[in-house]
Amino acid sequence: MTVSLSELVAESDERDSLIFNEFGDYWQLSLPELRERASVFAHRYMQTQMKAHYIASTVYELLAGRKAGEDISDYVDELYKELKRQRFFTIFDLQVFRILMPQLNVARFFKLYEVFAVSLRTYENYNPADGIELMVKVHATALSYAISSTARAQKYLSFVIEQIEALQGRPFTSEFSIMKRFVSIVRLYQSGNVDAAKRAFDSFNGAAKRLDVQRLWVSPNLLDFETF
């Protein structure tokens with residue numbers, strides 16, 4: 001049923017918190033609050049041996065270490081190892097990926113992006129604000145890597161374009177439609193039709209200027225997300 005055993009056997013209220021919104025407010029937490037959550041989940045893990053609690057504790061340790069300017073490489077390696085062994089991401093896994101993503105190099109990112117792309121098909125009709133924010137962050141990051149000058153990333157460009165073109169969103173999800181339009185411009189460049197790509201981009205950019213649109217937010221989590 002695409003849900004891990006540890007999520008199924010957890011108590012209902014705790015399971016819902018872990019799957020849907022455990023990390024929903026992480027960007028607002030202070031360093032002491034992040035440390036406290038890491039400690040709480042570490043204690044729960046010792047009591048229950050439920051892997052999701054261990055992963056949640058590690059996520060909060062990573063966030064605390066990053067905020068404190070400490071070396072977080074061990075936490076990054078541990079979370080990457082946990083996600084890499086998954087053939088399918090649950091909603092909980094997707095949240096972990098979203099938070100881990102900025103710490104990953106290109107090779108590690110695309111290793112997990114492929115699993116993300118496969119998993120996302122199951123959640124096409126699950127589009128709350130947090131879900132849209134997550135998709136935007138991951139796909140925009142993938143596209144920014146794939147159109148960069150990094151040769152290892154460019155080999156993924158066609159795959160990334162296909163994933164974004166296949167995005168299913170609510171009709172009013174403008175972030176999806178804008179991303180798809182930008183991808184159509186990238187595809188023109190990729191095919192060598194540079195003049196048409198330039199005209200399409202001028203039209204794209206001109207429409208934004210006429211509407212006086214400089215930035216779009218889908219949730220508070222995107223306020224500091226410069227890639228999109």
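These legends go with a set of close-up views of a predicted model. Residues are numbered from 1 along each chain as its sequence is written, and side-chain values use heavy atoms, with hydrogens and water left out. Because the model is predicted, local features need pLDDT of at least 70 and side-chain atom pairs count only at pLDDT 80 or more, while totals for chains, interfaces and linings use all residues.

View 1. The protein has 12 helices and zero strands (DSSP runs, H or I of at least four residues for helices and E of at least two for strands, numbered from the N terminus). Of its 228 residues, 43% are buried, meaning under 20% relative accessible area with a 1.4 Å probe and protein chains only; over 50% is exposed, and in between is partly exposed. Take the contacts (heavy atoms within 4.5 Å) between residues at least 6 apart in sequence: 66% of them join residues at least 24 apart.

**View 2. Helix α4 packs against helix α5.** Here α4 (residues 51-68) and α5 (residues 73-84) pack at about 145°, and their axes are 9 Å apart. The axes are lines fitted to C-alpha atoms over the stretch in contact, with angles running from 0 to 180 degrees between N-to-C directions. On the α4 side you'll find Lys51, Tyr54, Ile55, Thr58, Val59, Glu61 and Leu62, which meet Tyr75, Val76, Glu78, Leu79 and Glu82 of α5. Sorted by class, that contact has seven nonpolar, one polar and four charged residues (Ala, Val, Leu, Ile, Met, Phe, Trp, Tyr, Cys and Pro are nonpolar; Asp, Glu, Lys and Arg are charged; the others, Gly among them, are polar).

View 3. Ser57 sits in α4 and counts as buried because its relative accessibility is 8%. Leaving out neighbours within four places in sequence, Ser57 touches Ala38, Phe41 and Ala42. Gly65 is also found in α4, and its relative accessible area is 0%, so Gly65 is buried. With neighbours within four places again set aside, Gly65 is in contact with Arg35, Glu70 and Ile72. Between the C-alpha atoms of Gly65 and Tyr75, 10 residues apart along the chain, the separation is 9.0 Å.

**View 4. This is the largest nonpolar core.** It has 61 residues, and those with the most contacts inside it are Phe23, Phe97, Leu100, Phe109, Phe110, Phe116 and Val160. (Such a core is a set of buried Ala, Val, Leu, Ile, Met, Phe, Trp, Tyr and Cys residues joined through side-chain atoms within 4.5 Å.) Helix α8 provides the largest share, nine residues. Zoom in on Phe110 and, not counting residues up to four places away in sequence, its contacts are Ala142, Tyr145, Ala146, Ala153, Tyr156 and Val160.

View 5. The structure holds 15 aromatic pairs, that is, Phe, Tyr or Trp rings (six-membered ring for Trp) with centres within 6.5 Å; planes under 30 degrees apart are stacked, over 60 edge-to-face and the rest tilted. For Phe97 and Phe116 the centres are 5.9 Å apart and the planes at 55°, so this pair is tilted. Because Phe97 lies in α6 and Phe116 in α7, the pair ties together parts 19 residues apart in sequence. Both Phe97 and Phe116 are buried. As for α6, 10 of its 10 residues are buried.
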